Amino acid sequence: MDEETKIWRAKQTEQWMQNHTVNVTSTTTYKYYNGQLEIKEVYTSKDPENKAKVNDFTKINKIPISAKDKITILNGESFTLEEGSEKVIVTEKTVVITSQTDPYPWWGYGYQYPQWTWSEDNGQYAREDPINLAWEYTNLNTVKEKILDQGWISVSYPYEYDQYVSDPQYGWILDEGVADDKYGILGRYHTRLWQMSNGDVVANAHHDNDSPHQADQYEEAEDLVAGFFDNDLNNWWVLHDHYELDNYIANPLNDEYATCIYKVGS
């Protein structure tokens, strides 16, 4: 792709994201009950005109955890795991939110793969993590089995947040998750996978911290998962940081270049 086209598509991406960016108040409630820590985050729009027509957007995650210890939440504060104990943290954020009928049209801007994952609440979709891995000439089951062979396990809600990518034919596609630990109480490596309508498989690979169970690594996780295939040269061809997706994040770092993996002989 020539440089002029790259610049054009990056501008299209930036403009779409700006048009769907909303200032919100984020209210996160941590509550311990029935042997689990529930993390509930609610976005409430602060924009007077509410241009994206955002209703309260809610994300809920539940982590089974022993009550015999304390868990660090934010800024070194300790949260005592006692039945009914609760902590509320309020912050201001800017988030990208769209509707079920207005998916981000990455295919119309000339990208081979989707750039972002999205969480969903009542027909609203909030942008989450960058896509950083892609496979061609294979299928999701083959990719997933290769990762599971490394001792990872399948995970789904409530052991991960459901996330989606948009597809020109399938619409919004729900992920299939794999991780090196079911609960991630002490942190874990976690990868979400999607089968696209064009035959490609894409993924977001990341490492979650222990609490509040958010991504704290992208590049390291991308390299880790790619390494499962890089060590099998008879069957896979791995091109590290091969495809530019214009989805740079500074912290934790995502360098916007996805690693592409091909089935040998295809």
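Predicted model: local features only at pLDDT ≥ 70, side-chain atom pairs only at ≥ 80, totals over all residues.
Reader: Okay, where does Arg192 lie, and is Arg192 buried or exposed?

Author: Arg192 belongs to strand β14, residues 188-195. Its relative accessibility is 3%, so it counts as buried, the cut-off being under 20%.

Reader: Which residues does Arg192 touch?

Author: Leaving out residues up to four places away in sequence, the contacts of Arg192 include Asp129, Glu160, Asp175, Glu176 and His206. Tyr161 is on that list too.

Reader: Let's move to strands. How do I read the side chains along β3?

Author: The general idea first: side chains in a regular strand alternate between the two faces of the sheet. Now try it on β3, residues 57-64: Phe57, Lys59, Asn61 and Ile63 point to one face and are buried.

Reader: Which strand pairs with β3, and in what sense?

Author: That's β2, residues 36-45, which pairs with β3 in the antiparallel sense over eight bridges. To get your bearings, look for Val42, which stands opposite Thr58 of β3.

Reader: Now the backbone angles. What should I expect for phi and for peptide bonds?

Author: Most residues other than glycine have a negative phi, and most peptide bonds are trans. Asp241 isn't a glycine, yet its phi is positive, about 45 degrees. Asp241 is found in strand β17 and is partly exposed, with a relative accessible area of 33%.

Reader: Where is Glu256, and what is its phi?

Author: Glu256 sits in the loop between β17 and β18. Its phi is positive as well, about 75 degrees, and it is not a glycine. Glu256 is buried, at 18% relative accessible area.

Reader: And which peptide bond is cis?

Author: The one from Asn251 to Pro252, with omega near -5 degrees. Pro252 lies in the loop between β17 (236-244) and β18 (257-263).

Reader: Last one, helices. How do I check the span of α3?

Author: Count 1.5 Å times one less than the number of residues. Helix α3, residues 219-230, has 12 residues, so it should span 16 Å; its end C-alpha atoms are 16 Å apart, which agrees.

Definitions and conventions
Residues numbered from 1 in each chain as written. Heavy atoms only, no water. Buried < 20%, exposed > 50% of the residue type's maximum accessible area, 1.4 Å probe, protein only. Helix = DSSP H or I, 4+ residues; strand = E, 2+ residues; numbered from the N terminus. Pairing = 2+ DSSP bridges. Contact = heavy atoms within 4.5 Å.
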